[in-house]
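These are my notes from a first look through the structure. I went element by element and wrote down what I found.

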Amino acid sequence: MPPAPLPRQLDELSELLGQMCTTVAGALQRATYALLEGRERVAQQVVAADADVDALRAKVEEIATDALLFHAPVAGDLRQVVSAIRTAGDVERMGDLALHVAQAAERGRPLPGQVRDDFAEMGRVAVQLALKAAEVARTRNVILAVELDADDDAMDALHVHMFGVLMDPAWPCGVPAAVDVTLLARYYERFADHAVVVARETVYAVTGKEPDAIPI
Amino acid sequence: MRDVYQEQLDQLADELAGMCYQVAEAMEKATRSLLETDLQLAEQVISEDIRVDEIRATAEEKAFALLALQAPVATDLRIVVSAIHGAGDIERMGDLALHVAQAARRRHPQPVLPAEVAPYFAEMGTVGVRLARKAGDVIRSRDLGAAAELESDDDAMDDLHRHMFSVLMDPGWSHGVGPAVDITLLARFYERYADHAVAVARRIVYVVTGRMPGPLTV
């Protein structure tokens with residue numbers, strides 16, 4: 001079968017990356033629900049579905065490699081192809097982090113009451129970031145991408161707050177719960193970081209510049 | 001022409017290998033700053049991380065130039081694509097060494113680690129540094145046997161990581177929540193550092209064989 005023309009491959013890459021972001025947003029949403037509500041079955045479904053994200057990533061790499069091989073793209077097109085390869089890695093990692101949250105939910109240790117709302121909020125912020133990253137990947141909208149960079153501040157604030165709660169001498173839930181909470185908070189924070197990287201990659205692919213250099 | 005091209009590919013590999021040695025050194029120093037509560041050393045690791053980021057930027061420029069000007073195919077294309085992935089992994093290893101140094105700085109002059117867990121971190125540091133150096137060697141040699149060795153080194157890291165958790169979760173843990181939180185994150189940094197080194201080696205296996213050796217452990 002002859003390779004598709006380059007513009008079609010580029011469209012397909014954007015579409016697949018968008019789909020990957022939407023998929024991991026859904027995974028983290030369900031994983032957070034499983035964590036908050038102690039729903040082990042839902043957690044198991046998230047774990048099982050992670051292979052879908054890996055398959056999408058493989059598809060992205062295949063199309064990107066074909067594009068390099070058959071069309072030898074240059075300039076903006078080359079940036080888009082390379083950035084698709086890198087972005088797919090970031091989104092796959094987001095899927096892994098959602099998986100880690102689901103695995104924590106599967107273990108069935110209930111989340112301490114005093115951090116429940118914080119995790120609900122981290123979940124909400126992270127899922128929003130991933131959905132926005134999906135739109136950025138699909139539409140290649142630079143303004144939206146630069147915006148996403150700032151949205152991550154909300155996650156950082158939540159993450160810092162969480163450490164304040166843990167380090168408070170009055171933390172009543174013991175060390176094992178603190179260890180669980182530390183890692184979970186880290187998973188959400190990293191998930192959000194990768195969503196930001198997706199946006200930064202898109203800015204770079206479209207403009208050839210890092211987001212900090214964009215006067216928005 | 002062909003020779004210049006081969007030279008560029010070799011240079012790209014050298015650059016990445018150099019990055020591996022650099023992040024190995026960073027982790028070695030970061031671990032020492034952690035174990036010896038050495039603020040100056042921690043600061044040094046933190047200020048030197050920018051160099052890793054710079055090498056990454058240069059390596060990526062080289063990779064782009066190769067793609068744009070030489071339109072490589074087959075193994076050469078795999079090399080360039082793997083270099084782009086590898087540069088990302090190695091930069092992340094630098095970030096993780098930086099996080100270790102930041103933890104040492106944050107708690108200074110207090111030690112981060114209670115004496116009884118320090119030896120495990122010394123060992124995690126040793127294993128991590130060895131993995132980073134081996135990843136650098138594998139980039140140069142493309143030796144599949146050496147690439148496979150990284151997998152077993154990584155198992156050693158996973159064992160140390162698991163052991164660290166059993167120490168923390170033990171009802172006899174007497175150091176309270178604060179140090180436990182620090183140790184949880186630090187152990188995770190070492191474990192992720194090792195995973196990225198393995199990812200680099202796996203990409204080399206892919207360059208040589210055209211196949212990825214199984215999924216990454218996460």
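I am working with a predicted model, in which local features need pLDDT of at least 70 and side-chain atom pairs count only at pLDDT 80 or more, while totals for chains, interfaces and linings use all residues. Residues are numbered from 1 along each chain as its sequence is written, and chains are lettered from A and ligands numbered from 1 in the order in which they are written.

**Entry 1: helix H2 of chain B**

I began with H2(B). Its 32 residues reach 47 Å from first C-alpha to last, close to the 46 Å expected at 1.5 Å a residue. The expected span is 1.5 Å times one less than the number of residues. I also found a kink of about 25° in H2(B), centred on Ser47(B). The bend at a residue is the angle between axes fitted to the seven residues ending there and the seven starting there.

Next I looked up burial. A residue is buried if 20 or more other C-beta atoms lie within 10 Å of its own, exposed if 12 or fewer, and partly exposed in between, with C-beta atoms placed from the backbone. The buried residues of H2(B) include Asp49(B) and Arg56(B), along with Val45(B), Val52(B) and Leu66(B). Just after H2(B), I noted that Ala71(B) takes a positive phi of about 40°.

**Entry 2: H2(B) against H3(B)**

How do H2(B) and H3(B) cross, and at what angle? Their axes come within 9 Å and cross at roughly 170°. Axes are lines fitted to C-alpha atoms, for helices over the stretch in contact, and angles run from 0 to 180 degrees between N-to-C directions. H2(B) and H3(B) are therefore roughly antiparallel to each other. For that wording, angles under 35 degrees count as roughly parallel, over 145 as roughly antiparallel, 65 to 115 as roughly perpendicular and the rest as oblique.

I sorted the contact of H2(B) with H3(B) by class and got 17 nonpolar, two polar and seven charged residues. Ala, Val, Leu, Ile, Met, Phe, Trp, Tyr, Cys and Pro count as nonpolar, Asp, Glu, Lys and Arg as charged, and the others, Gly among them, as polar.

I checked Thr37(B), in the loop between helix H1 (2–35) and helix H2 (39–70) of chain B. Thr37(B) has a positive phi of about 40° although it is not a glycine.

Ala74(B) lies in helix H3 of chain B, and its phi is near 50°, a positive value in a residue other than glycine. Ala74(B) counts as exposed because 9 C-beta neighbours lie inside 10 Å.

I found a cis peptide bond from His108(B) to Pro109(B), with omega near 5°. Pro109(B) sits in the loop between helix H3 (74–107) and helix H4 (118–141) of chain B.

**Entry 3: where the chains touch**

I counted 22 residues from chain A and 22 residues from chain B in the contact. Two residues are in contact if their C-beta atoms, placed from the backbone, lie within 7 Å. On the side of chain A that touches chain B, H2 (40–71), H3 (75–107), H5 (142–167) and H6 (174–207) of chain A give two or more residues. H6(A) gives the largest share, seven residues. By class, that side of chain A divides into 15 nonpolar, three polar and four charged.

The buried residues of H5(B), among them Asp154(B), Met157(B) and Leu160(B), pack against H6 of chain A together with H4 and helix H6 (177–209) of chain B.

**Entry 4: chain A**

I looked up Ala130(A), found in helix H4 (residues 113–139) of chain A. Ala130(A) is buried, with 29 other C-beta atoms within 10 Å. Leaving aside neighbours within four places in sequence, Ala130(A) is in contact with residues including Cys21(A), Met94(A) and Ala195(A). Just after H4(A), Arg140(A) takes a positive phi of about 55°.

Last, I took Ala58(A), in helix H2 of chain A. The C-alpha atoms of Ala58(A) and Ala88(A) are 30 residues apart along the chain and separated by 8.6 Å.

Methods: Helix = DSSP H or I, 4+ residues; strand = E, 2+ residues; numbered from the N terminus.
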